[in-house]
Amino acid sequence: GMSESAVLDRYFLRPFIERGRESCGIFSPGPETDIAIQAKLRRLAADYEDSTAPFWPCRQRSSLMDLLLTLVSSYRESSAASGAVAGDELAARVASWLSVHYSEKVTVAQLCSLFGINRTDLSERFRAATGSSLIDYLSRVRIDMACRMLRETKLPAGEILFRVGFNDAAHFSRTFRKIMSMTPAAYRAAESKGRE
């Protein structure tokens with residue numbers, strides 16, 4: 001009994017309304033996606049300011065749908081979405097916190113204090129929910145963001161490693177190679193070759 005427009009609205013808004021098992025409620029867009037989202041927000045604001053223009057409601061709606069589609073696409077591509085934690089709300093909250101604060105110095109003691117749980121219980125619950133330790137999970141989040149930066153920017157790897165929370169180039173390189181099975185330089189070269 002809904003109008004065609006309402007059905008379309010429901011389709012675009014569904015990922016923001018409904019929470020499935022794969023939903024974690026947070027994602028980290030890469031630099032390229034962040035720039036696109038900022039541009040779409042500026043266009044939405046400009047459309048709003050020009051409310052006297054003909055077809056203003058249609059243009060405003062179109063701009064909003066474009067922004068929502070970008071957010072949904074980015075969320076679905078994000079490792080945060082694919083690495084969602086199901087079955088343990090505390091572990092899901094910790095994973096979400098790590099996905100936002102990955103570039104900071106993070107300690108297990110800090111997490112225990114933030115989430116009001118002891119070290120053993122936190123470690124056991126997180127491993128049971130995610131299949132990995134807190135440190136391994138944080139490393140994967142950091143390497144995922146490093147991959148995005150290597151793909152989407154021309155920043156040198158030495159700058160990227162600091163932006164994603166590593167302080168040592170050798171440790172970054174070892175961790176990257178362990179997770180991605182190649183060096184950061186090889187990854188960037190393969191990604192740029194794939195875009196050609």
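**View 1. Helix α5 packed against helix α8 in the predicted model.** Here α5 (residues 89–100) sits against α8 (residues 134–152), with the two axes 9 Å apart and an angle of about 40° between them. The crossing of α5 past α8 is right-handed.

**View 2. Side chains where α5 meets α8.** From α5 come Val-94, Ala-95, Leu-98 and Ser-99, while α8 brings Leu-134, Tyr-137, Leu-138 and Val-141. What kinds of residues make up this contact of α5 with α8? Seven are nonpolar and one is polar, with no charged residue in the set.

**View 3. Helix α5 packed against helix α7.** Now look at α5 with α7 (residues 119–130): the axes are 9 Å apart and the angle is about 85°. Angles of 65 to 115 degrees count as roughly perpendicular, so that is the label for α5 and α7.

**View 4. Side chains where α5 meets α7.** On the α5 side you'll find Leu-90, Ala-91, Val-94, Ala-95 and Leu-98. Facing them from α7 are Leu-122, Arg-125, Phe-126 and Ala-129. The tally for this contact is eight nonpolar residues, no polar ones and one charged.

View 5. Two elements, α8 and α10 (169–180), each give two or more residues to the lining.

**View 6. What the pocket lining is made of.** Which element gives the most to the lining of the second largest pocket? That would be α8, with six residues. By type, the lining divides into six nonpolar, six polar and seven charged residues.

Technical notes. Residues are numbered from 1 along each chain as its sequence is written. This is a predicted model: local features need pLDDT of at least 70, side-chain atom pairs count only at pLDDT 80 or more; totals for chains, interfaces and linings use all residues. Side-chain values use heavy atoms; hydrogens and water are left out. Axes are lines fitted to C-alpha atoms, for helices over the stretch in contact, and angles run from 0 to 180 degrees between N-to-C directions. Helices (H or I, at least four residues) and strands (E, at least two) are DSSP runs, numbered from the N terminus. A crossing is left-handed if the near helix is turned anticlockwise from the far one by less than a right angle, and right-handed if clockwise. Contact means heavy atoms within 4.5 Å. Ala, Val, Leu, Ile, Met, Phe, Trp, Tyr, Cys and Pro count as nonpolar, Asp, Glu, Lys and Arg as charged, and the others, Gly among them, as polar. Angles under 35 degrees count as roughly parallel, over 145 as roughly antiparallel, 65 to 115 as roughly perpendicular and the rest as oblique.
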